Amino acid sequence: MSVLYTCKGTSELAQQVCDELGVLASSVIGVDMELKTEASLRHARTLLAANQFGQAAAVAHSLFCMCYKFNLQVENATVLLLLAEIHKKSGNAVLGLPYALASLSFCQSFNLDLLKASATLTLAELWLSLGSNHVERASILVQGALPMILGHGGLELHARAYIAEAKCYLSNPSFSVFENSEVVLDPLRQATEELEVLEYHELAAEAFYLMAMVFDKLGQLEEREEAAASFMKHIKALENPQDEQDPLFNIH
């Protein structure tokens, strides 16, 4: 449930859910490790959603140490990927690369196919954020991860992959929007459809922004204004996340 509220922007309620989950775990060291790990993961992701990068990284580092101590290999891969995502979102892509690569290594060692695809996508996103010189590398990674993500991943992972695919084209200096605009617009439309279902405002805003930019280049002004209006809708939702009329808002 904390993931749902994080997507919708209600980080305080998400944190409440995390706290209540943590209370259920035993205080004895080495006991209820699955529950403790899940509570810490959700806590770190909630902090990340609130752009509290330092705190999110601290929780994730502490969790990785615990997982490493108790030989929780799948959890190790998950936490390393989370650390990569924290650095990606905080704008420190170079720092995120080693964590994404380490997560990939764990995934390959333990045949964690979907998590490997997710780590591959995160690695591609990190390379993309480092500039156009890394577009080809990012594109190869995205295309390699797409079949597993679209076949077995959830809606958020689908949308991220679609956005990354579009950004690979748009970041490539040799790509012409005028010659093949649909290879960009089609994945962006797919992304917005799935993000609207999730009410994931931050990613939806990014997808609509890219769509507006493409329509502007094509001179399709009506479509540009529609995409821009959708972009603003999601930006406003991010700025005003709490809806106290939500029937789930006061659940304890």
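Is Y169 buried, exposed or partly exposed? Y169 counts as partly exposed, because its relative accessibility is 30%. The views below show this residue and others in a predicted model.

**View 1. Y169 pairs with F175.** The ring centres of Y169 and F175 are 5.3 Å apart. Their planes meet at 45°, so the pair is tilted. The structure has three aromatic pairs, this one among them.

**View 2. Y209 pairs with F231.** Here the centres lie 5.8 Å apart. The planes are at 50°, so this pair too is tilted. Y209 belongs to helix α11 (residues 201-218), and F231 to helix α12 (residues 221-239). Y209 is partly exposed, at a relative accessible area of 47%. F231 also counts as partly exposed, at 22% relative accessibility.

**View 3. R137 sits over W127.** The charged end of R137 is placed over the ring of W127. It lies 4.1 Å from the ring centre.

**View 4. C65 and C67 form no disulfide.** A disulfide is a covalent bond between the sulfur atoms of two cysteines. The structure holds zero disulfides. For C65, the nearest cysteine sulfur is that of C67, 9.4 Å away. For C67, the nearest is that of C65, at 9.4 Å. C67 counts as buried, because its relative accessibility is 0% and the limit for buried is under 20%.

Notes:
Residues numbered from 1 in each chain as written. Predicted model: local features only at pLDDT ≥ 70, side-chain atom pairs only at ≥ 80, totals over all residues. Heavy atoms only, no water. Disulfide = S-S within 2.5 Å. Buried < 20%, exposed > 50% of the residue type's maximum accessible area, 1.4 Å probe, protein only. Phe/Tyr/Trp six-rings, centres within 6.5 Å; stacked < 30°, edge-to-face > 60°. Helix = DSSP H or I, 4+ residues; strand = E, 2+ residues; numbered from the N terminus. Lys NZ or Arg CZ within 6 Å of the ring centre and 35° of its normal.
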